[in-house]
Amino acid sequence: VPVFVGAMSRRGLEVAAEVGDLVALGGAMQLAGAPPGTLTVASAEQTDDRVAAVREARAARGLPLPVFDALLQQDATHELGAGEEFRHKTGLRPRTA
């Protein structure tokens with residue numbers, strides 16, 4: 001039975017590298033210096049770094065490479081001006097509920 005482990009922290013990914021056949025990257029990371037639970041979205045560089053760390057840890061143990069999965073999330077904000085910013089960046093009109 002394949003084991004699926006999801007994490008984004010270094011320690012969580014160490015566990016994923018050790019026991020996971022499937023590794024999910026959550027994409028959210030604790031914001032350095034901020035109170036616990038204050039998250040930010042991982043950059044492409046940070047994500048690449050974590051994927052490389054999992055691959056290296058598994059290779060060091062003689063384990064096969066895991067299958068990676070990424071949780072993609074959309075953050076919808078309702079702050080004044082957010083729609084204009086979205087339209088400016090994408091050329092699209094935001095859809096509201």
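In what order do the elements of the protein run from the N terminus on? They run β-α-β-β-β-α-β-α.

**Figure 1. Overview of the predicted model.** This is a predicted model: local features need pLDDT of at least 70, side-chain atom pairs count only at pLDDT 80 or more, and totals for chains, interfaces and linings use all residues. Residues are numbered from 1 along each chain as its sequence is written, and side-chain values use heavy atoms, leaving out hydrogens and water. The protein has three helices and five strands (DSSP runs numbered from the N terminus: helices are H or I, at least four residues; strands are E, at least two). Its accessible surface comes to about 7,400 Å² (Shrake-Rupley method, 1.4 Å probe). Carbon and sulfur atoms hold 57% of that surface. Of the 97 residues, 20% count as buried (under 20% relative accessible area; exposed is over 50%, partly exposed in between; 1.4 Å probe, protein chains only). Among contacts (heavy atoms within 4.5 Å) with a separation of 6 or more, 36% join residues 24 or more positions apart.

Figure 2. Helix α2 spans residues 44–60 and includes Arg50. Arg50 is buried, at 9% relative accessible area. Beyond its neighbours within four places in sequence, Arg50 is in contact with Met8, Arg10, Leu13 and Met29.

**Figure 3. Close-up of the salt bridge between Arg50 and Asp49.** The structure holds four salt bridges (a side-chain nitrogen of Lys or Arg within 4 Å of a carboxyl oxygen of Asp or Glu). In this one, the N to O distance is 3.7 Å. Asp49 is partly exposed at 33% relative accessibility, whereas Arg50 counts as buried. Salt bridges with shared partners join Arg10, Asp49 and Arg50 into one network.

**Figure 4. Close-up of the salt bridge between Arg11 and Glu14.** The closest N and O atoms are 3.0 Å apart. Both residues lie in helix α1 (residues 10–19), three residues apart, so about one helical turn separates them. Arg11 is exposed, with a relative accessible area of 52%. Glu14 is partly exposed at 42%.

**Figure 5. Close-up of the salt bridge between Glu18 and Arg61.** Here the closest N and O atoms are 4.0 Å apart. Glu18 lies in helix α1 and Arg61 in the loop between α2 and β5 (67–70), so the pair ties together parts that are 43 residues apart in sequence. Glu18 is partly exposed, with a relative accessible area of 47%. Arg61 is also partly exposed, at 43%.
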